[in-house]
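Take a moment with the sequence and the 3D view below.

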Amino acid sequence: QVQLVESGGGLVQAGGSLRLSCAASGSISSINAMRWYCQAPGKQRELVASITSTGTTNYADSVKGRFTISRDNAKNTVYLQMNSLKPEDTAVYYCNADLWRIGVLGSWRYWGQGTLVTVSS
C-alpha cells in the first residue's frame, strides 16, 4: 500500500557527485521525518542524514559539509545530494520515512529497497 523507491545510485569517481532520490507513494496522509542510511559491506546500517517535517536537518559527522538532505513535500520525495564523494562512501543507501497512513492510526516506518553507490579511487 505504501512504498519508498530510491533512485540515483551508480558508479562515480572520488571527488564526484551523485543525487539520490526517494519517492514515497500510496495511501499517505502525511510524512514526518525522512532519513537516509547507508550500509557498507560487512558494516551495520547507519544513519547518514535526516530531515524533519519542518525542515530541520542532521548529518553524520562523516558527511557533514559534503552531503545535503532535502525534501519536496508536494512530491513526497526526499533527496540526498552527495558531493566530494570518497571511496569510503561506497555503500547501499536506503531511505526511510515515518508517515501517517490514510485511515490508520499512528505513525508507521517504511524503508526503501536501497540504491548502490560505488565510489572508485
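Start with an open sheet of 4 strands in the order β1-β3-β8-β7. The pairing in this sheet is antiparallel. Strands β1 and β7 form the edges, each pairing on one side only. From one strand to the next, the twist averages 15°. Keep in mind that this is a predicted model.

Strand β1 covers residues 2-7. Its partner is strand β3, residues 18-26, and the two pair in the antiparallel sense over 6 bridges. Within this pairing, leucine 4 stands opposite alanine 24 of β3. In a regular strand, side chains alternate between the two faces of the sheet. Strand β1 has two such faces: Val2, Leu4 and Glu6 lie on the covered one. Gln3, Val5 and Ser7 lie on the uncovered one.

Isoleucine 69 stands opposite leucine 80 of β8.

Next, go inside. In soluble globular proteins, nonpolar side chains tend to be buried together. The largest nonpolar core in this model has 30 residues. Those with the most contacts inside this core are Trp36, Val48, Phe67, Val78, Leu80, Met82 and Tyr93. Eight strands each supply at least two of the core residues: β1, β3, β4 (28-39), β5 (46-51), β7 (67-72), β8 (77-82), β9 (91-101) and β11 (115-120).

What does valine 48 touch, beyond its neighbours within four places in sequence? Its contacts are Trp36, Tyr37, Cys38, Asn58, Tyr59, Ala60, Val63, Phe67, Leu80 and Tyr93. Leucine 20 is the second residue, and it sits in strand β3. Its relative accessible area is 0%, so leucine 20 is buried. With neighbours within four places set aside, leucine 20 is in contact with Trp36, Val78, Leu80, Met82 and Tyr93, among others. Its contacts also include Ser7, Gly8 and Gly9. Glycine 10 is 10 residues from leucine 20 along the chain, and their C-alpha atoms are separated by 9.6 Å.

Is aspartate 89 buried or exposed? Aspartate 89 lies in the loop between β8 and β9. Its relative accessible area is 7%, below the 20% cut-off, so aspartate 89 counts as buried. Its side chain makes a polar contact with the side chain of arginine 66, at 2.8 Å. Not counting residues up to four places away in sequence, aspartate 89 touches Arg66, Phe67, Ser84, Val117 and Val119.

Finish with the cysteines. How many disulfides does a search of the whole structure find? The search finds 1. Cysteine 22 and cysteine 95 form this bond, with their sulfur atoms 1.8 Å apart. The torsion about their S-S bond is about 45°, so the disulfide is right-handed. This pair links distant parts of the chain: cysteine 22 is in strand β3 and cysteine 95 in strand β9, 73 residues apart. Both of these cysteines are buried. Cysteine 38 is in no disulfide. The nearest cysteine sulfur to cysteine 38 is that of cysteine 95, 13 Å away. Cysteine 38 also counts as buried, because its relative accessibility is 12%.

Note on methods. Residues numbered from 1 in each chain as written. Predicted model: local features only at pLDDT ≥ 70, side-chain atom pairs only at ≥ 80, totals over all residues. Heavy atoms only, no water. Buried < 20%, exposed > 50% of the residue type's maximum accessible area, 1.4 Å probe, protein only. Pairing = 2+ DSSP bridges. Core = buried A, V, L, I, M, F, W, Y, C linked by side-chain atoms within 4.5 Å. Contact = heavy atoms within 4.5 Å. Axes fitted to C-alpha atoms, helices over the stretch in contact; angles between N-to-C directions. Polar contact = N/O pair within 3.5 Å; in protein donor to acceptor, adjacent residues only side chain to side chain. Disulfide = S-S within 2.5 Å.
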